[in-house]
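Me: Please take one part of this protein and look at it closely. Then follow it out to the pieces around it.

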Amino acid sequence: MTPNTISLASRVSRVKPSFTLEMATKAAEMRSEGIDVVNFSVGEPDFNTPQHIIDAGKKAMDDGFTKYTAGPGMIELRQAICEKLKRENGLDYTPSDILVSNGEKQSLYNVCQALFDKGDEVLVFSPYWVSFPEFVRLADAEPIIVKTLADQQFEADFDDIEKKISSTTKGVIVNSPSNPTGGVWSNDSIIRLLQLAKKHDWTVISDECYERLVFDGEFTSTEKLNRDHKIGARVITCLSLSKTYAMTGWRIGYAAGDSTIIKAMSKIQGQATSCANSIGQKAGIAALTGDQQPVEDMRIQFKERRDLMVELLNDIEGVTCAVPGGAFYTFPNFDHYLGKKANGKVLKDSFDLSEYILNSEAVVTVPGDGFGAPGHVRFSCATDKDTIVRGIKKVADALNKLD
Ligand SMILES: Cc1ncc(COP(=O)(O)O)c(C=O)c1O
């Protein structure tokens, strides 16, 4: 019998697959074939979750804390989040302003579902984290890509924003420190964006998942600037335990903001996944209320690795790498090598270049074209220093072989 043709919903073809996950899969496949792969594509800390957090997760299971929780998250966790927001960010919130999700990714998805509709436009800064335009598209709205300034930590190009504003602009997504660039915006830029948002009545979605990984100077939350400068813009802050506490697999993130929006997000989440996992939530309380030294230890190591990687990349002829102020990525420019030939084949873009480096020296990187940044390649610092030295040498060797 011939099977019926499967007709998928149109949104499946509208949405792009996560190509950063594809690179990680490729690296795993090569390793399983016994190839010595250097993986610079990793989007999560290479450290294990601190022991006291793991112990809290184990205890939650032993205590039978293995059931559904309240949809927006356990009240104890939402209280711990409010205390964290007060202590670290100087922000007053109550638990009804907080939604705990299965990772921040779900909070970001929820907020787009709750706020945007067909016909709406949402500003997204390029280079962008791959999921931002897709969250907007999944809400049937249109992502409008805005340029940034590569020599100024990839902060907003306000001339370009002015060109992209329309009567249907409804929101803007900002991510500082940024994935993929590691750029940290100046407070002045954030304030300018908030002022525009207030003037045009946009919601600002501020993804601050790398807030604790800032290397040069202090981090100030977008909402704190909004309140201190009495701007009065509408801000939804999305945060994660994933990067701060090396807890990517526990899937705990959250959003903080106006309780009407949080309630709408919670309604959508309630029908999608009920609640975040109970064991992760208990572990999250231990993370937020316990010893913060492991966070600082990780930050120091990431800073040392960043410095090493930037230096080694800049030592390669024709490569320029700005010093990223945060997160754990470097985002060098390889324009010099585009148009060169590998075994007679012209490398026309960063996809070709990353693929060539992979096939030639088994080094996995992430092409900048996928983040809307032609000529750039993303390198993750979530690997030890010896591997960084070995891997960047291999990249230099690969580039040396080009005609
Ligand atoms: C910019 C950015 N936002 C959000 C996330 C998602 O974090 P979570 O693990 O909490 O879903 C990531 C993960 O890579 C990220 O890079």
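The reply starts from the sheet and goes on to helices, salt bridges and one surface patch.

Reply: This is a predicted model: local features need pLDDT of at least 70, side-chain atom pairs count only at pLDDT 80 or more, and totals for chains, interfaces and linings use all residues. Residues are numbered from 1 along each chain as its sequence is written, and side-chain values use heavy atoms, with hydrogens and water left out.

Start with the sheet. It is open, has seven strands and mixed pairing, and its order is β2-β10-β9-β8-β7-β3-β4. The edges are β2 (98-102) and β4 (142-146), each pairing on one side only. Neighbouring strands are turned by 25 degrees against each other on average, direction ignored. Strands and helices here are DSSP runs, numbered from the N terminus: E of at least two residues for strands, H or I of at least four for helices. Two strands pair if DSSP finds at least two bridges between them. In general, strands of a sheet pair through backbone hydrogen bonds, either parallel or antiparallel.

Val-122 has Gly-171 in β7 as its bridge partner.

Now the helices by the sheet. α4 (residues 75-89) lies across β2, β9 (234-240) and β10 (252-256), at about 115 degrees to β2. Axes are lines fitted to C-alpha atoms, for helices over the stretch in contact, and angles run from 0 to 180 degrees between N-to-C directions. Contact means heavy atoms within 4.5 Å.

α6 (residues 131-138) has six of its eight residues buried, so the rest of the structure largely encloses this helix. Those residues are Ser-131, Phe-132, Pro-133, Glu-134, Phe-135 and Val-136. Their cover includes strands β3, β4, β7 and β8 (203-207), along with α1 and α5 (104-115). Buried means under 20% relative accessible area, exposed over 50%, partly exposed in between (1.4 Å probe, protein chains only). After α6 comes Asp-140, with a positive phi near 70 degrees.

Next, salt bridges: a side-chain nitrogen of Lys or Arg within 4 Å of a carboxyl oxygen of Asp or Glu. The count comes to 24. Asp-228 and Lys-224 meet at 3.1 Å, N to O. They are four residues apart in α9 (residues 222-228), which means a separation of about one helical turn. Asp-228 is partly exposed at 45%, and Lys-224 is partly exposed at 23%.

Arg-306 and Asp-307 form another salt bridge, at 2.9 Å, N to O. Arg-306 is buried at 4%, whereas Asp-307 is partly exposed at 34%.

Lys-401 and Glu-361 meet at 3.0 Å, N to O. This pair links distant parts of the chain, 40 residues apart: Lys-401 in the segment after α14 (385-400), Glu-361 in α13 (residues 350-361). Lys-401 is partly exposed at 46%, while Glu-361 is buried at 16%. Elsewhere, salt bridges with shared partners join Lys-84, Arg-87, Glu-88, Glu-211 and Arg-212 into one network.

Last, the surface. Ile-6, Leu-8 and Val-12 make a nonpolar patch of about 350 Å². Ile-6 sits in the segment before α1 (10-14) and is exposed at 71% relative accessible area. Patches are made of residues with over 30% relative accessible area and no salt bridge: nonpolar side chains (Val, Leu, Ile, Met, Phe, Trp, Tyr) are joined within 5 Å, like charges within 9 Å. Accessible areas come from the Shrake-Rupley method with a 1.4 Å probe; for residues, only the protein chains shown count as cover.
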